[in-house]
Amino acid sequence: MILPSTLNKHILIGISGGIAAYKVCEIVSTLAKAGADVRAILTDSAQEFITPLTFATLSRHRAYTDQEFWQPTHGRPLHIQLGEWADIFLIAPLTANTLAKLATGLSDNLLTNTVLASSCPVLLAPAMNREMWKQVSVQRNWQLLLTDSRFHGITPTTGILACDLPATNPGNFSTPGAGRMAEPKQILAHINSLLNTKGKRDLIGKKILISAGGTREHLDPVRFIGNPSTGKMGLALVQAAIHRGASVTLVHGLMSTELLGNLPEVELVSVTSSEEMYQEMIARFPQADITVMAAAVGDVKPAIYSQDKLPKALLPKELPLEPIIDIVAELGKMKQPHQKLVGFAAQTGEILTPAQDKLQRKNLDAIVANPIDLANAGFSSENNQGILLSRQGQKLEVGVCSKLQLAHQLFDFIARNS
């Protein structure tokens with residue numbers, strides 16, 4: 001994962017007592033390698049699972065414990081120094097015990113005192129037994145804490161939990177349950193978002209419709225016309241929108257399950273062909289405040305389709321084609337004054353003129369002129385670049401950056417030109 005926005009940023013990580021503490025090692029290591037200045041705080045119970053030396057080694061800086069907290073000091077108190085130092089404060093894993101303390105403002109250790117002494121955004125990644133997570137008291141504390149605009153939560157996912165060992169079959173880790181801490185990649189993406197937005201959630205109450213991935217137009221059950229889109233840009237848009245508080249629907253072509261990951265907050269609609277994507281987008285468009293058409297939809301499809309696989313000898317020497325309905329143009333005809341419609345123009349060579357033409361012709365509010373023939377841009381790349389254009393004539397050139405950063409730049413651009 002490319003995290004250029006973490007360079008020289010101060011990231012404070014609090015680890016409380018849970019087996020998921022081992023996952024935090026990857027987070028600390030990745031951030032340190034990306035140039036962030038990382039500090040770790042371990043609770044006493046966290047040290048039952050992992051040592052301060054581990055985090056000191058990975059962060060290239062000493063890790064703090066309650067032993068330092070209760071030592072006499074001749075300077076400013078440690079929790080005050082750390083709280084003022086941090087740009088972002090991650091707490092992972094967040095246990096039911098630490099959650100209850102934060103929800104009620106209780107501070108009896110270095111971690112909780114530092115939270116109260118800080119003013120930066122706090123990202124919470126809970127992890128606990130599934131029955132513990134479902135408890136009314138835990139859910140009440142979770143919802144109460146998230147009413148504070150400082151706190152940002154990553155809902156636990158459903159997966160295998162270390163505690164799920166059926167008594168009749170010791171050693172069987174096959175029982176899944178909600179309560180599993182989010183994976184490091186998901187947490188790192190959210191940290192990146194918070195560094196871009198500084199914690200603002202300007203899309204709360206907004207419904208955002210996003211399309212992603214490529215479509216396939218079949219000649220027979222095994223042969224199709226398609227494109228190399230992976231859906232990574234669309235997924236970055238989803239992450240940025242969720243991190244900014246939006247309600248998101250993603251209509252996507254075939255994408256890897258690893259990319260889609262666990263997105264409990266997102267309505268996922270899977271399609272294969274352009275016709276299926278058209279139907280789903282048209283049905284959901286009237287409810288959307290902002291629609292971003294990031295999918296790579298085909299332009300033509302085979303004029304004939306065989307229900308059975310065609311023998312090689314019967315494949316047509318010339319393949320008759322017919323045009324595919326232009327989804328974004330149809331949405332442009334339906335668009336109401338309160339709605340924003342954004343497109344992408346994936347181009348080679350000169351990218352500005354075709355994008356400006358598409359912007360006006362299809363009644364878009366903004367478009368991303370996206371060069372796909374440059375390094376670090378376009379299909380499959382972790383990075384992207386482009387030129388953002390608005391209907392009013394504003395232009396913003398975005399250099400090479402992560403796709404998540406481009407997504408945030410686009411949402412900022414939409415807000416400035418609304």
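**Figure 1. Cysteines in the predicted model.** A search of the whole structure finds zero disulfides, a disulfide being a pair of cysteine sulfur atoms within 2.5 Å. C120 is buried, with a relative accessible area of 7%, and C401 is likewise buried, at 10%. Here buried means under 20% relative accessible area, exposed over 50%, and partly exposed in between, for a 1.4 Å probe and protein chains only. The model is predicted: local features need pLDDT of at least 70, side-chain atom pairs count only at pLDDT 80 or more, and totals for chains, interfaces and linings use all residues. Residues are numbered from 1 along each chain as its sequence is written, and side-chain values use heavy atoms, with hydrogens and water left out.

**Figure 2. Packing of helix α1 against helix α9.** Two packed helices are described by the angle between their axes and the distance between the axes. Helix α1 spans residues 21-33 and helix α9 residues 184-197; their axes lie 9 Å apart at an angle of about 45 degrees. Helices (H or I, at least four residues) and strands (E, at least two) are DSSP runs, numbered from the N terminus. Axes are lines fitted to C-alpha atoms, for helices over the stretch in contact, and angles run from 0 to 180 degrees between N-to-C directions. The two helices, α1 and α9, are therefore oblique to each other; angles under 35 degrees count as roughly parallel, over 145 as roughly antiparallel, 65 to 115 as roughly perpendicular, and the rest as oblique. The crossing of α1 and α9 is right-handed, a crossing being left-handed if the near helix is turned anticlockwise from the far one by less than a right angle, and right-handed if clockwise. From α1, the residues K23, E26, I27, T30 and L31 meet P184, I187, L188 and I191 of α9, where contact means heavy atoms within 4.5 Å. The residues of this contact of α1 with α9 comprise six nonpolar, one polar and two charged. For these classes, Ala, Val, Leu, Ile, Met, Phe, Trp, Tyr, Cys and Pro count as nonpolar, Asp, Glu, Lys and Arg as charged, and the others, Gly among them, as polar.

Figure 3. L90 lies in strand β3, residues 88-94, and is buried at 0% relative accessibility. Beyond its neighbours within four places in sequence, L90 is in contact with L12, I13, G14, I27, L123, I187 and I191. The residues I27 of α1 and I187 and I191 of α9 also take part in the packing of those two helices.

Figure 4. A189, H190 and S193 in α9 meet Q239, A240 and H243 in α10. The contact of α9 with α10 has two nonpolar, four polar and no charged residues. Helix α15 (residues 403-416) packs with α10 at about 60 degrees, with axes 8 Å apart; α10 and α15 are therefore oblique to each other. Their crossing is also right-handed. K232, M233, A236, L237, Q239, A240 and A241 of α10 meet K403, L404, L406, A407, H408, L410 and F411 of α15. By class, the contact of α10 with α15 has 10 nonpolar, two polar and two charged residues.

Figure 5. S273 is placed in the loop between β12 (267-270) and α12 (274-284) and is buried, with a relative accessible area of 16%. Not counting residues up to four places away in sequence, S273 touches T215, R216 and E217. I282 belongs to helix α12 and, leaving aside neighbours within four places in sequence, is in contact with E330, L331 and M334. S402 lies in strand β19, residues 395-402, and counts as buried at 4% relative accessibility.

Figure 6. Most residues other than glycine have a negative phi, and most peptide bonds are trans. R60 has a positive phi, near 65 degrees; R60 is found in the loop between α2 (52-59) and α3 (66-69) and is exposed, with a relative accessible area of 58%. N363 has a positive phi of about 60 degrees although it is not a glycine. The loop between α14 (352-361) and β17 (366-371) holds N363, which counts as partly exposed at 27% relative accessibility.
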